[in-house]
Amino acid sequence: MQHVVGLLFSKDRAMQLDATIRSLYVHCQDVQNIDLKVIWAHSNARNEQQYQELVSMYPDVEFISEVDFESQVLASIASYEYVLFLVDDNLFVRDFSIGNIIESLIINLDALGFSLRLGTNTNYCYMLRSDQELPSFTNVDHEFLKFDWTSAQHDFGYPLEVSSSVFRVVDIMAVLQHSFFNPNTLEAYLNENKIAFCQQKKFLLCNAYSCTFCNPINKVQTIFNNRAGETFHYPADNLREMFTRGYRIDVEEYCGFLPNACHQEVELKFKKNVQDVTVESVKIQDALPKVSVIMPVYNAEAYLSEAIESILGQTFVDFEFIIIDDGSTDGSLNIIKTYSDPRIVVVCNETNLKLIPTLNKGLNLAKGQYIACMHADDISLPERLTRQVEFMDQNPNICVCGTWVELFGDCEQVFWRFTAPPDEVKCMLLFGCCIAHPSVMLRRTIVEAGLGYSPLYPHAEDYALWVQIAQNYEIANIPEVLLKYRRSEGQVSSKYAGQLMEIALKIQREQINALGIEPTEEECLLHWAVGASQFTPTISFANAVSEWFSKLKEGNFRYHYYPEPAFSNYLRIYWRGICNNLMDAF
């Protein structure tokens, strides 16, 4: 019988799995004594390809493609005495010896297992959003600690977990009497049966300080609503793209890191390993443009040349320029055809489909990793695409980025300096649209996730899309003016002002609903008036806003929909503005 098996669970996260394996190799002093196996699952061919790359990179690891999770788990551990359970968001940060751990379990027969994630530093329970008391520790062999898990709190009272603990296989097999079909249900079932060990194995072993922690920066399963990605959110699709381009998580950046919890969100640090990119991956990347610029056109001959030339004059050159003529009846199409740049892709709608279907058509045609929006009467400044590509490359957690804009045309020169950080953008969306549509760049993975412009929100389809994206992804603005936004009497915002207000109220109501609040018509109008600064400052108005803000804050406290402290800060900013207006009125 073999001694120790390391069983690592992974789904759609090759980048994170690679970091788990790399960090284990760095910090386990006798990793050669662990037979490491990975049970992996994938939801599409691109993820499967990346797992196959890892198979080649780690010949000493047995990769098992998931078919029947339960039978594969049982078969993987059956011939071993001990099992080290791991998951693919583990990062090892401190040296340890699996041999010393096994020796301690042999000596301490009243210990159920050994936790690599617990220690005197883990005084916070991430999943419960709560501090946790440290148990009474006893020093044992190898400077390990021993404590009674049956009387311990939160993580210390949760002994049978599958993310970073060592157990005797005979103990695990003894309680696996019912079916389980993924790591979450396996762990849930083990936890339900921990009572079987309350008498004879009421202790747990750990190091003085955690050797590993889980970095919950995304979530790939939908069965359990586990907390993840609130401070640092890196969608698995974005990490997949970075993996294909040769980036890897730099595990050495985390050596010596001391987490305060078993789960702690930390920023990912990357390095580029060109040698890790397969020939097939390089071919795929070389065949596709980095950026797809999409620009719908309808009767825009007056300013169209300026818009086209502002894109063709970008300092960043690796793009395709998809121009969709939506049945123009003026000279727009003739103007488009005067340009012979090979990056231009001209698409002509047979009939006037209108803006929303044309925008979605552009999204579906785009081949680039990033998709940039452009209006046919605006001007992109020369550095726009360069700055946005740099920003998106450096911030894989960001899925949409806009920029500051300069207004020109039928107006005085004005600058829209939108809020920039993701937390603030999400909060600001509750009060209005804070992303200029023609300045936007987004990841193609947003389109692959099925998101797009909805016909339910005419003339405010962009605002609705940003709100939808912000539910699960991060949006930011680059605090630089990179686009000139033309104002004219014929614009949608001027022609359909009444309908725009109606749709904005609808979008804001839906966000308010996410706080568990069903607002009255008066509350909706009050909320809109605050966000649009369309109100007469009176004491009664201020009192109504004060009551409304208290209601919003209470709802967010219950549902945690908006990030704190950004949400409370924005309420204070709006409240301060109302008070200042009120004082100016007297």
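## Helices α1 and α2

Helix α1 covers residues 14-27, and its axis comes within 9 Å of the axis of α2. The two axes cross at roughly 20°. That makes α1 roughly parallel to α2 (angles under 35 degrees count as roughly parallel, over 145 as roughly antiparallel, 65 to 115 as roughly perpendicular and the rest as oblique). The crossing of α1 with α2 is right-handed; in such a crossing the near helix is turned clockwise from the far one by less than a right angle, and in a left-handed one anticlockwise.

This is a predicted model, in which local features need pLDDT of at least 70 and side-chain atom pairs count only at pLDDT 80 or more, while totals for chains, interfaces and linings use all residues. Residues are numbered from 1 along each chain as its sequence is written, and side-chain values use heavy atoms, with hydrogens and water left out.

From α1, the residues Ala14, Leu17, Asp18 and Arg22 meet Gln50, Tyr51, Leu54 and Met57 of α2 (contact means heavy atoms within 4.5 Å). By class, this contact has five nonpolar, one polar and two charged residues. Ala, Val, Leu, Ile, Met, Phe, Trp, Tyr, Cys and Pro count as nonpolar, Asp, Glu, Lys and Arg as charged, and the others, Gly among them, as polar.

## Helices α2 and α7

Helix α2 (residues 45-57) also packs with helix α7 (residues 236-244). Their angle is about 50°, and their axes lie 11 Å apart. That makes α2 oblique to α7. The crossing of α2 and α7 is left-handed.

On the α2 side, Arg46, Asn47, Gln50, Glu53 and Leu54 take part. They meet Arg240, Glu241, Phe243 and Thr244 in α7. The contact of α2 with α7 divides into two nonpolar, three polar and four charged residues.

## Arginine 168

Arginine 168 sits in strand β11, residues 164-168. With 9% relative accessibility, arginine 168 counts as buried (under 20% relative accessible area; exposed is over 50%, partly exposed in between, with a 1.4 Å probe and protein chains only). Arginine 168 and histidine 142 are 26 residues apart in sequence. In space, C-alpha to C-alpha, they are 19 Å apart.

What does arginine 168 contact, leaving aside its neighbours within four places in sequence? The residues are Glu81, Tyr82, Leu105, Asn108, Leu109, Ala111, Leu112 and Lys201. The side chain of arginine 168 reaches the backbone oxygen of asparagine 108 at 3.2 Å. That side chain also reaches the backbone oxygen of alanine 111, at 2.6 Å.

How values were computed: Axes fitted to C-alpha atoms, helices over the stretch in contact; angles between N-to-C directions. Helix = DSSP H or I, 4+ residues; strand = E, 2+ residues; numbered from the N terminus. Polar contact = N/O pair within 3.5 Å; in protein donor to acceptor, adjacent residues only side chain to side chain.
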